Every structure is written in structure tokens, then in C-alpha cells.
Amino acid sequence: MPLKICIRAFAPLALFVPFDALAQSDPWVGRWGAPDCGPDKTEIVLSRSALDLSTFETVCSVRRVRQRGEVFELDASCQGEGGKSRVSLSIHVGGNVLTFVGQRGIAFDPKRFQRCVAQDSRGAGPSAGASASPAATAPGLPLLRGYYVSDDTPCALASNATLNLLRRNAMGAARELCEFDAIERIGSARYRVVENCREDGKRTVVYEIRSPRSYRRIGPDGFRYSARYCAQSELPAPWKTNAIGDLIR
């Protein structure tokens with residue numbers, strides 16, 4: 001079945017904008033929810049380096065951004081359960097409302113999202129009327145959710161000592177599970193994450209995103225751990241047949 005394509009015509013002249021120039025002015029960057037922000041709502045995370053559309057089981061690396069009037073057009077390379085694809089998105093932002101006005105290579109609903117912001121220090125909930133903040137409550141890492149195995153271990157030889165499961169708001173496996181309390185983007189591919197771990201309690205680590213399927217984690221003591229995504233079908237038992245759909249959705 002062909003993918004649904006929804007494209008709207010815009011002015012013929014396009015303004016190509018380098019990523020650095022957009023760093024302080026991209027109104028589409030941030031976390032967005034539909035119809036609003038909160039538990040069990042559709043959420044996506046957009047940045048200049050990656051698009052986390054994992055609600056739709058898709059993570060994309062941004063290749064180019066261009067501006068046509070008030071519309072931003074993004075070209076990206078995406079990875080999902082259906083394999084690799086090229087995607088183009090046209091985005092308009094009015095205040096705290098983001099609307100997908102055109103899309104090619106991917107089709108999803110809804111098209112209209114509200115801006116999400118992190119809880120403040122007094123515990124206030126998300127407010128669509130507040131200004132955007134670089135720190136956002138999880139989810140927020142631009143990684144394909146699922147199993148990750150240490151770089152030096154073949155997927156077929158994964159074990160409790162070398163395997164982690166990236167969930168919607170946590171990373172971990174049988175030996176330890178760390179829930180994400182907050183995520184802050186601190187570089188083009190670096191994220192500061194406040195984790196709350198079952199065994200070690202709360203700590204702050206840094207994730208370096210090498211691709212939508214690969215990361216390096218730097219602990220508070222400087223220890224570095226690198227892992228890459230492994231398809232569940234490539235893992236040994238029992239992980240090969242574990243039901244993880246509800247955990248990574």
C-alpha cells in the first residue's frame with residue numbers, strides 16, 4: 001500500500017538556513033504533545049539533529065533544514081520497524097501550537113501538537129502557554145526504543161551483563177533499571193540525563209547520541225559505556241521472545 005502523502009504548495013523562494021544560525025530561533029524545536037501534554041498522550045521530540053517520532057516507531061536524523069516564509073521544511077533519514085526511508089516534513093508554529101502542513105515519506109495523525117515544557121521546581125505540571133525550556137521530562141533521547149547491546153558483544157551473545165532495554169522513560173535490564181527524571185540537551189548530540197536507579201539512587205549521566213541506533217553513556221565517575229541497537233529477533237532467549245511492546249510504546 002503506498003504511503004499517504006500530504007503536501008501543500010508554498011512560495012517558490014526558499015531560504016536555506018545553516019543549523020548554527022537556527023540554534024536560537026527554531027520555534028519547532030522541543031517536545032510536543034497531541035492533543036496536549038500528559039500521560040497516555042501522543043508525544044514527539046524535535047531537534048536540529050534528530051526527530052524522535054517514536055510514538056510512530058520511527059527515529060530520524062536531520063539532514064537539512066530550510067525556511068519558506070513561516071514554514072520550516074526538514075529533510076531527514078529515518079529508521080523504523082519498516083526499515084530505512086527518506087522523509088520530508090513541513091512545519092508551521094503559531095505560538096505554542098505546531099502543525100504539520102506537509103509530509104512526504106511518512107504518514108501519521110494527528111497533525112496538530114501543543115508545546116510541552118518541563119515541570120518547574122515547585123512541581124507545577126506542563127503548561128502549553130509557558131515558554132520553551134531546553135530541559136524536558138523524559139522521553140527525550142533521540143534513539144530507537146528497544147534492546148541495546150554493548151559494542152563489543154555480538155547481538156546473538158547478549159546477556160544480562162551486556163544488554164539494556166530503552167523504554168519510553170527508562171533504560172535498564174534485569175540487573176538495574178534507571179528511570180529518567182529529566183533530560184537536557186547540552187550539545188548537538190549530547191544530553192544530560194537525571195536518572196533515578198533502583199540500586200544506586202539518583203545520579204546525573206551524559207548520553208552521546210552517535211546515531212538513532214547507537215549511544216555512548218558517560219557516568220558521574222567518568223566511566224564510558226557504548227552500545228548499539230539490536231533487533232529482538234537477533235537476540236538469544238529469553239529476550240528474543242519477551243513481550244516488550246507496552247514498555248517501548
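I looked up Glu184 in this predicted model and found Glu184 partly exposed, at 27% relative accessibility. My cut-offs: buried is under 20% relative accessible area, exposed is over 50%, and partly exposed lies in between (1.4 Å probe, protein chains only). Arg192 is partly exposed too, at 35%. The side chains of Glu184 and Arg192 form a salt bridge, 3.0 Å from N to O. I count a salt bridge when a side-chain nitrogen of Lys or Arg is within 4 Å of a carboxyl oxygen of Asp or Glu.

Sources: numbering starts from 1 along each chain as its sequence is written, and side-chain values use heavy atoms, without hydrogens and water. Local features need pLDDT of at least 70, side-chain atom pairs count only at pLDDT 80 or more, and totals for chains, interfaces and linings use all residues.

Next I checked Arg217 and Glu195. They meet in a salt bridge at 3.0 Å, N to O. Both residues are buried. I also noted a salt-bridge network that links Glu176, Glu195, Arg203 and Arg217. In total I found 11 salt bridges.

Then I turned to the rings. There are seven aromatic pairs. Rings of Phe, Tyr and Trp (its six-membered ring) pair if their centres lie within 6.5 Å; planes under 30 degrees apart are stacked, over 60 edge-to-face, the rest tilted. Phe180 and Tyr207 have ring centres 6.2 Å apart and planes at 75°, so I logged the pair as edge-to-face. Phe180 and Tyr207 are both buried. One aromatic cluster holds Tyr148, Phe180, Tyr207, Tyr215, Tyr225 and Tyr229.
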